Amino acid sequence: MVLKAHVSFLLFTPTNHRRDNSVSRSMYALLRRGSACRKLALSLSSSRSSVPTAATLWHQPACFSTASPAARSASAAASIRRVGIVGAGPSGFYVAKYLLKELGPSATVEMIDCLPTPFGLVRTGVAPDHPEVKSVQNDFGKVAEDPRFRFFGNVRVGQDVGMAELRGFYDVVVLAYGASEDRTLGIPGEDTLEGVIGARTFVNWYNGHPEYAQDEKLTTMLRDILAQPGAQAAVLGQGNVALDCARVLAKQPADLASSDICEHALEVLRQSHLTTMSVIGRRGHGQAAFTIKELRELSRIAGATLVVPPEEVAQGLTPFTIAELAQSRPRKRLADLVESLPAPSAAAAAAPAAAGRTVALRFLLIPKALLPDPARPHRVGAIVLERARLQQEGGEGGRVVAVGTGEMIEMPCNLVLRSIGYKSQPLEGVPFDNRKAVVPNRQGRVFVDAPAAPGALAAAAAAVEVVPGMYCTGWVKRGPTGIINTNIYDARETVASIVEDAGHGKLPTPSSSSSSLLDVLAKVGRKKVEEVVTWEGYRKIDAYECEVGATRGKPREKVIDAQELVRIATK
Ligand SMILES: Cc1cc2nc3c(=O)[nH]c(=O)nc-3n(C[C@H](O)[C@H](O)[C@H](O)COP(=O)(O)OP(=O)(O)OC[C@H]3O[C@@H](n4cnc5c(N)ncnc54)[C@H](O)[C@@H]3O)c2cc1C
């Protein structure tokens, strides 16, 4: 199950990883100075010759209790007073759910989100025509009904309040802030040409994320491009997000009209004259990251034909790919479905009069450059792709990679959606692994790489120091892979670590005299407390959106203006 979940949202392998531990190193110095690390620093200074390992830091018994470890952990967890969760997406809600089961009656679990609305990517990522996926919001709503739960929306951690203030106030801080950046290709034209955007931008735009949906320039550009007669789009990447984008672009607007897609997006899609969409992958169909359900959906869109060039399928069927497919039934079924799709020429011959759209799955093509449209040189007009062949990295049994053949092709396109993965961003006061773009952690416990003591052996150099009271979960913990349910296992692991650490007396004692987060925010003075959205405030937004949606035959019409959201919530 976990394996399946990871496969389903895996995208291209990013090409621009940087090997850089500098943030971790400077963070180490910063945390060593911080009061919350004083206990840790003391234990370090008393045994400077041996850098403590993760194991020694996590598993030293803190007291001489005669109770069983499990009972000690449970009672200690009941003594946790305040937990702050940064991010109100699925991973934050699952941590809240499992933690509330462990905590005492007077504890509070407080969830902070930079948006006035909760639910993270369930609201701003999941496709509008997948309402069954969004119903998980009802489960999260039940978590929020617990009297010990609080929501503080419209508060950006790192801007309105810092980590130092949160750590001074909460016994435990759980980072669940997801991944809010794109991975990039690093090819010419990517940053300079209009019409080249991240799939994340497109998804946020049609799903009503205020930062994107309110971007007039973006809406105008998408309208202009899509309204061009014969417009063509290229989606770079072959994960499920790429298929979501292709499906939204390919569907008849009337078939989206009863979903919760935002009205401004529907209005642009109504004017679309898009004819062709190519969903492009570097490797073969045997390695594609999308799942069969999403591919089937794409193959059944009214007024659109899904095609695949047979020669690209044939080239992908290398002996090692065939052997790999034989090992996995789901992958074999997926490959069989791709192989059963019509060739572009056969589809055109079967329905010569069809004015519908064509969605082409393209394989073994490496994006090399984006070229300007000669008629509008500020806009993209074509993509240069290098044909690739498959190879096993490091010989037999190695990872299957795409290797350029030197043969270049040029494909016309007016819109390019880069869908090669999301990426987490560092947050001030939090360790960050720049290479993996995640918060470094072991079972959810945030750690910092400890510099090796002079003359230490290589093994000691790999030692880590746990940051007391700081945990993480979800995409910021494991990277941007996995479906919503994957966050359940993740949250359980993080909650188990918190409970265990409480049992071992390893949680710091917060120093703040504030009585509530609003108090903390007022002291910091960067956010007007009357603009903070509570759960009651969000329920007003929810009721308003559902009411407006009902008048349009939709489950909800999302409010896309952040100020309007706050106004509705706080009136
Ligand atoms: C386009 C797309 C479609 C998807 N579709 C599906 C699907 O159909 N089915 C499925 O099972 N899974 C789907 N997924 C995967 C699923 O959405 C993720 O597994 C899940 O949302 C990850 O949860 P998270 O809580 O880690 O991150 P997120 O959901 O991103 O939540 C993070 C939260 O943190 C907040 N935040 C960020 N920075 C700050 C800050 N500085 N201060 C305060 N708050 C902050 C954000 O506003 C956000 O609310 C999809 C993902 C994407 C990208």
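Asn 154 is buried, with 24 other C-beta atoms within 10 Å. Buried here takes 20 or more other C-beta atoms within 10 Å of a residue's own, exposed takes 12 or fewer, and partly exposed lies in between, with C-beta atoms placed from the backbone. The model is predicted: local features need pLDDT of at least 70 and side-chain atom pairs count only at pLDDT 80 or more, while totals for chains, interfaces and linings use all residues. Residues are numbered from 1 along each chain as its sequence is written.

Asn 154 sits in the loop between E3 and helix H10 (163–169). Helices (H or I, at least four residues) and strands (E, at least two) are DSSP runs, numbered from the N terminus. The phi of Asn 154 is positive, near 70°, and the residue is not a glycine. Phe 119 is another non-glycine residue with positive phi, about 90°. Its loop runs between E2 and helix H7 (121–124). Phe 119 counts as buried, with 22 C-beta neighbours inside 10 Å.

E3 belongs to an open sheet of seven strands. The order is E3-E2-E1-E4-E18-E17-E16, with mixed pairing. Strand E3 (149–153) and strand E16 (441–442) stand at the edges, each with a single partner strand, so one side of each has no neighbour in the sheet. Two strands pair if DSSP finds at least two bridges between them.

Strand E18 (residues 464–472) is mostly covered, with nine of its nine residues buried. E18 pairs in the parallel sense with strand E4 (residues 172–175), over three bridges. Val 173 stands opposite Met 470 of E18. Strand E17 (residues 445–449) runs antiparallel to E18, and four bridges join them. There, Arg 445 stands opposite Tyr 471 of E18. E16 and E17 also run antiparallel, joined by two bridges. Asn 441 has Val 446 in E17 as its bridge partner.

A separate pairing involves strand E11 (residues 365–373) and strand E12 (residues 376–392), which are antiparallel over eight bridges. They form a hairpin with two residues between the strands. Asp 373 stands opposite Arg 376 in E12.

**The core**

The largest nonpolar core has 141 residues. Such a core is a set of buried Ala, Val, Leu, Ile, Met, Phe, Trp, Tyr and Cys residues joined through C-beta atoms within 7 Å. Those with the most contacts inside it are Ile 85, Val 174, Leu 175, Val 235, Cys 245, Ala 246 and Val 416. H14 gives the largest share, eight residues. Domain 1 (2–10 + 18–180 + 424–532) and domain 2 (183–421) both contribute residues, so this core lies between them. The domain bounds come from an automatic or database domain assignment.

Val 174 touches Val 83, Ile 85, Val 95, Tyr 471, Cys 472, Thr 473 and Thr 494, leaving aside residues up to four places away in sequence. Contact means C-beta atoms, placed from the backbone, within 7 Å.

**The ligand shell**

Which residues are closest to the ligand? They are Gly 87, Gly 89, Gly 120, Gly 178 and Gly 474, in a surrounding set of 37 residues. A residue is near a molecule if its C-beta atom, placed from the backbone, lies within 6 Å of it. Elements giving two or more residues to this shell are helix H6 (90–100), strand E2 (108–113), helix H14 (240–250) and helix H24 (486–503). H6 gives the most, with three residues.

By class, the shell has 20 nonpolar, 14 polar and three charged residues. Ala, Val, Leu, Ile, Met, Phe, Trp, Tyr, Cys and Pro count as nonpolar, Asp, Glu, Lys and Arg as charged, and the others, Gly among them, as polar. Domain 1 and domain 2 each supply at least three residues to the shell.

**Helix H11 and the whole protein**

Seven of the eight residues of helix H11 (residues 199–206) are buried, so the rest of the structure largely encloses this helix. Among the buried ones are Arg 200, Phe 202 and Trp 205. Gly 208 follows H11 and has a positive phi, near 85°.

The protein has 27 helices and 18 strands. Buried residues make up 47% of its 571 residues. Among contacts between residues at least 6 apart in sequence, 80% join residues at least 24 apart.

Methods. Contact = placed C-beta atoms within 7 Å.
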